[in-house]
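I opened my notebook next to the viewer and wrote down what I looked up, one entry at a time.

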Amino acid sequence: MPDSIDVTKPPPKSDGASLGEVVEFVKTYAKQETLGPLKGAGSWLAYGAAGAFALGVGLLMILLGVLRLVQAEISWANGGAWSWVAYGITLVVTMILLTLTVLRIKKAYLNKEPLPKKKS
């Protein structure tokens, strides 16, 4: 009986995935490899920007304090031809603080992978 179908034999399976499955796998992989790291980078940038803003405001207050201190305590730099000295001293202090800040940047930490989050 060639017209009858053998129900005990399973239909042949194809080893390859269908085109729709491949497209879905590629989409899932692309999301996993692009969106995950971008979310981590976004929080890293947000904390960095907030820290930079706080440091900037703090350093501005310190430098204004140095300027007012020099203007108040050094009488010959208070007026006349030597009034620029207070600004020059403040500029030198600014350059020293800037140099110290740049020297503290460790490039090894810039490319470091973030630690995995602990599950609680």
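A note on the source. This is a predicted model, in which local features need pLDDT of at least 70 and side-chain atom pairs count only at pLDDT 80 or more, while totals for chains, interfaces and linings use all residues. Residues are numbered from 1 along each chain as its sequence is written, and side-chain values use heavy atoms, with hydrogens and water left out.

Entry on the fold. I found three helices and zero strands, running α-α-α from the N terminus. Helices (H or I, at least four residues) and strands (E, at least two) are DSSP runs, numbered from the N terminus. Of the 120 residues, 8% count as buried; buried means under 20% relative accessible area, exposed over 50%, and partly exposed in between (1.4 Å probe, protein chains only).

Entry on H1. I checked the span of its 55 residues: at 1.5 Å a residue it should be 81 Å, and the end C-alpha atoms are 80 Å apart, which agrees. The expected span is 1.5 Å times one less than the number of residues. Leu63, Val66, Leu67, Val70 and Gln71 are buried in H1, and the buried residues of this helix pack against H2.

Entry on Phe53. I located Phe53 in helix H1 (residues 19–73). Phe53 counts as exposed because its relative accessibility is 63%.

Entry on Thr90. This residue belongs to helix H2 (residues 84–103). Thr90 counts as buried because its relative accessible area is 12%. Leaving out residues up to four places away in sequence, I saw Thr90 touch Leu63, Val66 and Leu67; contact means heavy atoms within 4.5 Å. A polar atom of the Thr90 side chain lies 2.9 Å from the backbone oxygen of Ala86.

Entry on Gln71. Apart from neighbours within four places in sequence, Gln71 is in contact with Asn78, Ala86 and Tyr87. The side chains of Gln71 and Tyr87 are joined by a polar contact of 3.5 Å. A polar contact is a pair of N or O atoms within 3.5 Å; within protein, one must be able to donate a hydrogen and the other to accept it, and residues adjacent in sequence count only if both atoms are side-chain atoms.
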